Amino acid sequence: MNIKQEVDKRKTFAIISHPDAGKTTMTERLLMFGQLIREAGTVKGKKSGKFATSDWMEIEKQRGISVTSSVMNFPYKDYKVNILDTPGHEDFSEDTYRTLTAVDSVVMIIDATKGIEAQTIKLFKVCKMRGIPIFTFINKLDREGRDPLSLLEQIEEVLEIETYPMNWPAGMGKRFLGIFDRYHDQFIKFNGQEEETYLPLEELRQGSNEALTNHPTYQETEEELMLLNEAGDDFNFDKVLRGEQTPVFFGSALAPFGVESFFDTFIEMAPNPKARRTTEGLISPDNETFSGFIFKIQANMNPQHRDRVAFLRVCSGKFERGMTVTLPRTGKTIKLNQTQEFVASSRGTVDEAYPGDIIGIYDPGVYRIGDTLLEGKASFQYDELPQFPPELFKRVTAKNVMKSKQFKKGIEQLVQEGAIQLFTTYPMENYIIGAVGELQYQVFEHRMKYEYNVDVVLESIGERIPRWLTNDKVDSSLFDERNMLVKDREGQFLVLFKNQFALNWFKDKHDDIELIDLFEVN
Ligand code: GDP
């Protein structure tokens, strides 16, 4: 099979949402379409749709590493689907952001009863910065949610992206009748749990189901839809691919309702792997040379098993187990025979992989996040992964001052690996470490103890708003504990502002000082 045919089949995406919006429920539904769950027999009661997560955890415990749920792949129709998990809750970390560099599109789930929430905004910004196409699923229509129009308005205002409703709900909660599928000109009727009927609109207009078409909710919605057709934006697929318009689907992951029609449309529209930027220009996925980059390194929390897994996104060519690759950063060659492919409930060994696929490679401690691996004589490197602004900051010291050498070595290596970010206060050079989520500190503390034999003391300085300064000459008397002046690893100055108020106050007072927000989307 040639590479291009394989590339055309690949759909690699992540689901982003705020905790509790329904990401897990949706993922489970999609795995069922891929038959993964039923085959693996891990569903406990289909109705509740819950995995037997404990079984997974047991496997993970035995193997000593928790990776099985990070990447799921399965065939669906003619496609090969790769879903990358974006951990939330207490597992939210920089890895969550970095995962978004390895996907070709994103599904954003919004809870209809709550609208847009904080974590969705953060993840959305990363997608927007990178121009990733975003498909929206507004979930929990089986409950009385917010008015659909106001939900769309909120998406447009808060996220600054055009919306195009692919379907439109007739009622919600108890009054929920179904959805008008604008894209396929049909009405999908809700018949309660796990049942939906597809009715072509043309037949309905000819009177095929008057009980439905005479229903007041149906008629009201039909009128709304006419207004929407006149006043709303047109569907523009080019804009979708540029990340400027998001197709919006309404439904319920739990019922489930509208999930299959959403997924069928999404899987057709979602882009397959595209050319990516490297130091030697764009590299197309059907380029014969195997190449990819590492976007995540998962350390083992079990002291008995020091092994780590590096997650590599294949970007071009064909991967074959046992192949020898080059790591251009060091010029070294490595034979890749311990590779694992991630399937939802088991970790098998992968023999071949194509652009869009994610493989896990055993890492004896040689890789860094952002590393390119490639085949043969080529020496290009994929664009560096962007830096994501940390939000939580802690002062870090070694409990035992006698261990300062190991302490420095450990920090240096963990920072290089991308596990945490390091800053030094100025002019006194104390260490401050920054992270996106609390989990990163737990991993840091644990690894310092077990890999470098150093107990660290972490002292929180709270959530901070980092703003980079453009000037390399800075008047340090303008700053204090509240607005802390620090340097990053490249020696760039930045200020860790105590809160939004402190930031605004500083801006007003010093409007000549330029402050850079790494997350700003233009
Ligand atoms: P996650 O935190 O985003 O992964 O959210 P979950 O998938 O775990 O869902 C959070 C809660 O919302 C669970 O109790 C789900 O059963 C519930 N839920 C998910 N989808 C729906 C839906 O379509 N309707 C209703 N009523 N509840 C849902």
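Lys77 sits in the loop that links β4 (71–76) and β5 (79–84); strands here are DSSP runs of E with at least two residues, and helices are runs of H or I with at least four, both numbered from the N terminus. Phi of Lys77 is near 50°, a positive value in a residue other than glycine. The model is predicted: local features need pLDDT of at least 70, side-chain atom pairs count only at pLDDT 80 or more, and totals for chains, interfaces and linings use all residues. Residues are numbered from 1 along each chain as its sequence is written, and side-chain values use heavy atoms, with hydrogens and water left out.

**Cis peptide bonds**
- Ala255 and Pro256 are joined by a cis peptide bond with omega near -15°, and Pro256 belongs to the loop between β13 (245–250) and α12 (259–269).
- The bond between Tyr426 and Pro427 is also cis, with omega about 0°.
- Pro427 lies in the loop between β27 (421–425) and β28 (431–435).

**Ligand shell**
- The ligand is surrounded by 18 residues, the closest being Asp20, Thr24, Thr25, Asp142 and Ser252; a residue is counted if one of its heavy atoms lies within 4 Å of the molecule.
- By class, the shell has four nonpolar, eight polar and six charged residues (nonpolar: Ala, Val, Leu, Ile, Met, Phe, Trp, Tyr, Cys and Pro; charged: Asp, Glu, Lys and Arg; polar: the others, Gly among them).
- Helix α2 (residues 23–33) gives the most to this shell, with three residues.

**Polar contacts and cover of the ligand**
- A backbone N or O atom of Asp20 is 2.7 Å from an oxygen atom of the ligand, and for a backbone N or O atom of Lys23 the distance to a ligand oxygen is 2.8 Å; a polar contact is a pair of N or O atoms within 3.5 Å.
- Lys140 places a polar side-chain atom 3.1 Å from an oxygen atom of the ligand.
- Of the 570 Å² of accessible area that the ligand has on its own, the protein covers 79% (Shrake-Rupley method, 1.4 Å probe).

**Domains**
- The chain is assigned domain 1 (10–45 + 60–68 + 79–269), domain 2 (276–375) and domain 3 (392–521), with bounds from an automatic or database domain assignment.
- The C-alpha centres of domain 2 and domain 3 are 30 Å apart.
- Nine residues from domain 2 and nine residues from domain 3 take part in the contact, defined by heavy atoms within 4.5 Å.
- Domain 2 and domain 3 bury about 870 Å² between them, 55% of it on carbon and sulfur atoms; buried area is the accessible area (1.4 Å probe) that two parts lose on being put together, summed over both.

Technical notes
A polar contact is a pair of N or O atoms within 3.5 Å; within protein, one must be able to donate a hydrogen and the other to accept it, and residues adjacent in sequence count only if both atoms are side-chain atoms.
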